[in-house]
Amino acid sequence: MSGLLLSSILLPLLGLIAMFFSDGREHKIARITVWITRLKGVSVLALMACWAASGFTSFEYQWFVLYRQDNYQFPILFYLDKVSAAYLFCVWAIFSIIVKYCRVYMHRDTGYRRFFQTIFGFAFGLNVIVLSGSIDMLFAGWEVVGISSFLLIAFYRHRWQPVRNALRAYTIYRFCDVGLLMGAWMSHLLFHESQHFSQIAGLFNHPVADPAGYAALSLLSCLIILAASGKSAQFPFCFWLPRAMEGPTPSSAIFYGALSIHLGVFLLLRTMPIWSYHYLTRLMVFAIGMLTVLIAGVSERAQSNIKGQVAYASIAQVGLMFVELSFGLENLVLLHFMSNAFLRCYQLLVSPSIVAHLLRVEGAVNGDFYIKDPQRLEYLPSSLRQVLPEVLQNSLYVFALQEGLLEHLIRKICWEPLKNLGSAMNRLSIRVKCLIGAALLVWLMIAVFETSPVAGTYLSMPVSLLMVLVSTSAFSQKHHPFKVWNNVAISSMLAALAVWLMVPSALGDIALFLSGIVPSWLLGLIVMERMLRGDDFSHSSFRFRAFAEIKPGLSLLLFLSFLGLVGFPITPAFLGEDLLLSHASGQHPWFALPITIAFVVNGIAAARVYMRLCMGRPVEVTEFKVAEKN
């Protein structure tokens, strides 16, 4: 059974690697997708059969321990129960349908191989999430799904709108990573060795013995709800999902209609013993679900395209799942998820055909054509036809067009303060920055030579503050990619320095973290220097430069260095982030917040560098350079 579980997880990754090393011809890519989906189907169905033969008992499997030191360990742990079984079956069925559909739908598309590589990477991330045995493993899959989403939304990279929407969706993902990162940290802090999903439920079986304090559990629950709301586009993050439909229709079906949008529901199902322990957090989930249903239901009526309507319909259904979860209806949620996933997948896949059919019908008739016939309303009483006054109807329509002003609200609360703070940092003169650096160096020398026994502890406070300021400086910088890249790296190094000052014995773990950050930073600098050789930024803004097509090899290296710099699970930096949070929070729990904010903001700033340099249309770049010379 463990072998079948591993094959179900790893087969999409194997397909991605096979496509990467293939010659890129369409028929070979199609053949790889056929065999991988067939093998995955055999593995999943055999796994389900073995699980049924065992009496549907929960199955936990630890493959190996990736890292172990003292009381900390990171096991590669998987867990199969009814929740993961339902999600795994849907992942396989919908993934197979989408792959078969795309072999024809994407025929002769220039990004044929790139599309299938991203889809298979997404399937691998989904498998890791639904079969994860701990919140650390879930976070690893969460990151894979997030970067796959970013790439698929920006698939049509010649157009600036899909690229901007991809960054917008990735920004929301990273913001909600605050909840998941700090949730992982708090699970280490509260549950210690009992943080496996298979063990968490047992901690709450005895109401008399509270596994943690009320305040700590409430905070952990709020962090989990924040992450779930952002991933599933629930209130107040409803606005990003319709914009994510800029990618190809099949990717919209598998991502935002069927599977990815339900990952927030999966997170709540997995952590249900934690957040459902108190009525306050149940009420919070209920309120988020109901507000989402109301806003999405109204906004859907004002959408001018079919994919936007399906997106808001799916958001509303997930909101209803949140309401069901608040009442503890776990089995109903699973049934609701499976039915909604297949329905939205079907609706999105047939939407191009429906639009084409309606256009043909409209062109064939001699008069005006309306999809919704208004004559049917004539048979209703006037009290039902005009329920609301005209002024209120117009106000509601404007509210629906603006999608409840949620995007404006999030921008005002979350992003503008960071941008304003970063802009203030960027306006500082070189003299002031040198004085700050000199003061920091003097204080550091005091700590190193142990002139004062408390210097290291107190120095970690201004270092952590400086770390956040450097991150916001990178976040607000749009005209100098090298400055952004360097600030992201400096912020990560300041995080390592602050942890070392608080916990000098953690030097080995800090070195592990920096072994992923420093090489990625240096590789990115080398790649950008070769990309931008002879490019003058003083006469042109930091705009789209289309290096993904002009210099694809360098673009791939920049993408890998971007992943390493933001702590993606391909370098030791991913494990190092968790270690830094563990060490720092053990001494000073307050430090978990600034280090998490810095990591999240760094990811957004580095993603903007990659997007601006690698996306765009090569013809426009060439024309711009010619105009500059003239």
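Strands S1 (residues 59-69) and S2 pair in the antiparallel sense over 9 bridges; two strands count as paired if DSSP finds at least two bridges between them. This is a predicted model, in which local features need pLDDT of at least 70, side-chain atom pairs count only at pLDDT 80 or more, and totals for chains, interfaces and linings use all residues. Residues are numbered from 1 along each chain as its sequence is written, and side-chain values use heavy atoms, with hydrogens and water left out.

Let us stay with the hairpin for a moment. Tyr79 of S2 is the bridge partner of Glu60. There are 2 residues between the strands, and Asp70 takes a positive phi near 55 degrees. S2 (residues 72-80) is mostly covered, with 9 of its 9 residues buried; buried means under 20% relative accessible area, exposed over 50%, and partly exposed in between (1.4 Å probe, protein chains only). In a regular strand, side chains alternate between the two faces of the sheet. In S2, Tyr72, Phe74, Ile76, Phe78 and Leu80 point one way, while Gln73, Pro75, Leu77 and Tyr79 point the other way.

The chain as a whole has 27 helices and 2 strands, where helices (H or I, at least four residues) and strands (E, at least two) are DSSP runs numbered from the N terminus. Of its 630 residues, 54% count as buried.

| Element | Residues |
|---|---|
| Helix H5 | 135-153 |
| Helix H11 | 263-270 |
| Helix H24 | 552-565 |
| Helix H26 | 592-614 |

Helix H11 is largely enclosed by the rest of the structure, because 8 of its 8 residues are buried. Among them are Phe266 and Arg270.

Now to a helix pair. The axes of H24 and H26 come within 10 Å and cross at roughly 175 degrees; axes are lines fitted to C-alpha atoms, for helices over the stretch in contact, and angles run from 0 to 180 degrees between N-to-C directions. The two helices are therefore roughly antiparallel, the term for angles over 145 degrees. Ser555, Leu558, Phe559 and Phe562 of H24 make the contact with Gly603, Ala606, Ala607, Tyr610, Leu613 and Cys614 of H26, contact meaning heavy atoms within 4.5 Å. These residues divide into 8 nonpolar, 2 polar and no charged; Ala, Val, Leu, Ile, Met, Phe, Trp, Tyr, Cys and Pro count as nonpolar, Asp, Glu, Lys and Arg as charged, and the others, Gly among them, as polar.

Finally, Ala140 lies in H5 and counts as buried at 12% relative accessibility. Leaving aside neighbours within four places in sequence, Ala140 is in contact with Pro569 and Phe574.

Technical notes. Angles under 35 degrees count as roughly parallel, over 145 as roughly antiparallel, 65 to 115 as roughly perpendicular and the rest as oblique.
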